[in-house]
Amino acid sequence: MTAPRCHPERSEGPGRGGGALEVLLCAARPARSLATLGMTLLLLLAACGQESSVPTYKVTAARFTRQVTADGNLKSTKATPLTAPSNAPGPLKIAWIVPDGTLLKKDDLVVRFDPTDFEVQLVGGQSDRNTALNGIRKQTSETGTTRTNLRRDAKQADAELVAARRFKFDDAEIFSRFQRIEASIDETFASDKKQYAEGVLKVRENLSKADRDLLGIAQKKADLKIRNAEQGMNALEMRAPYDGILVLQRYWNGDTVRTGDTLWPGQPIGEIPDLNSMKAEVFVLEADAAGLAIGEKATMTIEGKPGSAFGGKVSQVDKLARPRFPRVPVQYFGATISLDKTQASLMKPGARVRAVLDVESRAGAFSIPRQAIFEKQGKKLVYRKKGSKFEPVTIEIGSSTAGRVVVTKGLKSGDEIALRDPTEEAQRGS
């Protein structure tokens, strides 16, 4: 008996025999036909999977915006600086200072300096001055005594010379040779004695004048020391010029001036800011600072103040990058943000802020994902889809963010590019 052919599309009407038998025989189709059908389905699925195994991105022109974040602190745009008294004659040591952030009223005491050094200097100056004055008096007395003695000696020598010249012993018949020689010697000695006395008097006068000048200099030095000490004693207190909040100066390590620090005249201590006009001083990483310029928009938030957002513009940018923290080689560019408005209830000098700066905004840019760009043989390229295949296209790039890159040359709107290297997909498929 031969098995009937299976015709599922043929229907059996009433009165025709063999219908049930043919259905049973069709159900008993050979397994080889089912295997062939399954293989065909797998090949179709594999072909569809291979076609879609490389994800793509469609290039469109859109606005490209690059933003960078920066953090820093609030600072007043107007502030009265407080410095160590410039009229102080030397370094000042802080004996007491009000805490940072203290609310001050006009004429409130801000800093008191240690008077010990000036007190010692004052006592020393007074002692030196008394010593100089005593020396001057002693020198004047000794000079007067010496001058009197030398003048008396000169006067006596002059009288002896006059007497020697008045009485002549040149008559040989009356005076002996010895008397004549002795008279000549006496006259010469009296003349020399007079010249010596006058010479010594002149020398003594000059020496006395020099000694008085030296003692006068010592007196002036002592007077200067006394004047400096008194000037320092008058500069021992600093008071607030008007009502405000005190913001102390910070050193490179973040510490503020404190009790025991030594300050030189004119050295900054702090400032009393105007709370009605604030600005933000922020720092941008050197790697992110490309395109940072004056006039760019910024949005600032205050840490610890949720929901606080303030607009502003970049008003100043440092010319050179510099480290922000000691012994940390990371470089930053400093920037100043002028705020559109100041809210005194939220903004306090020194508060930490975080800002988002719009460093670039370009309309009609071709911005593609960074993973769509590949570098081969020193060239940057993308793989553009053409039909069912991908072709390499060399491109030129411009600005970039963490995830996207602007292509300036090589692509046009509507291009479909691969997000993975299709050549690697092909190698794995082979």
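Glu391 has a relative accessibility of 26%, and it therefore counts as partly exposed; that term covers the range between buried, under 20% relative accessible area, and exposed, over 50%, using a 1.4 Å probe and protein chains only. Glu391 also forms a salt bridge with Arg384, with the closest N and O atoms 3.3 Å apart. By salt bridge I mean a side-chain nitrogen of Lys or Arg within 4 Å of a carboxyl oxygen of Asp or Glu.

Before I continue, please note that this is a predicted model, in which local features need pLDDT of at least 70 and side-chain atom pairs count only at pLDDT 80 or more, while totals for chains, interfaces and linings use all residues. Residues are numbered from 1 along each chain as its sequence is written, and side-chain values use heavy atoms, with hydrogens and water left out.

How many salt bridges does a search of the whole structure find? The search finds 18. In general terms, side chains of opposite charge can pair when their charged atoms come close.

Let me take the pair Glu281 and Lys75, whose closest N and O atoms lie 3.8 Å apart in a salt bridge. This pair links distant parts of the chain, 206 residues apart: Glu281 belongs to strand β12 (residues 278-285) and Lys75 to strand β2 (residues 61-76). Strands here are DSSP runs of E with at least two residues, numbered from the N terminus. Glu281 is partly exposed at 28% relative accessible area, and Lys75 is partly exposed at 31%.

Next comes Asp318, which forms a salt bridge with Arg322 at 2.3 Å between the closest N and O atoms. Asp318 is partly exposed at 22%, as is Arg322 at 40%. There is also a network of salt bridges linking Asp71, Glu303, Arg324 and Arg352.

I turn now to a sheet. Four strands form an open, antiparallel sheet in the order β7-β6-β4-β10. Why is one side of β7 and of β10 left without a neighbour in the sheet? Both β7 (237-239) and β10 (262-263) stand at the edges, each with a single partner strand, so one side of each has no neighbour there. Strands pair if DSSP finds at least two bridges between them; β4 (residues 92-97) and β6 (residues 109-113) pair over 3 bridges. Ile94 has Phe113 in β6 as its bridge partner.

Finally, Gly311 lies in strand β14 (residues 309-317) and is partly exposed at 29%. Leaving aside residues up to four places away in sequence, Gly311 touches Ala298, Leu339 and Asp340, where contact means heavy atoms within 4.5 Å.
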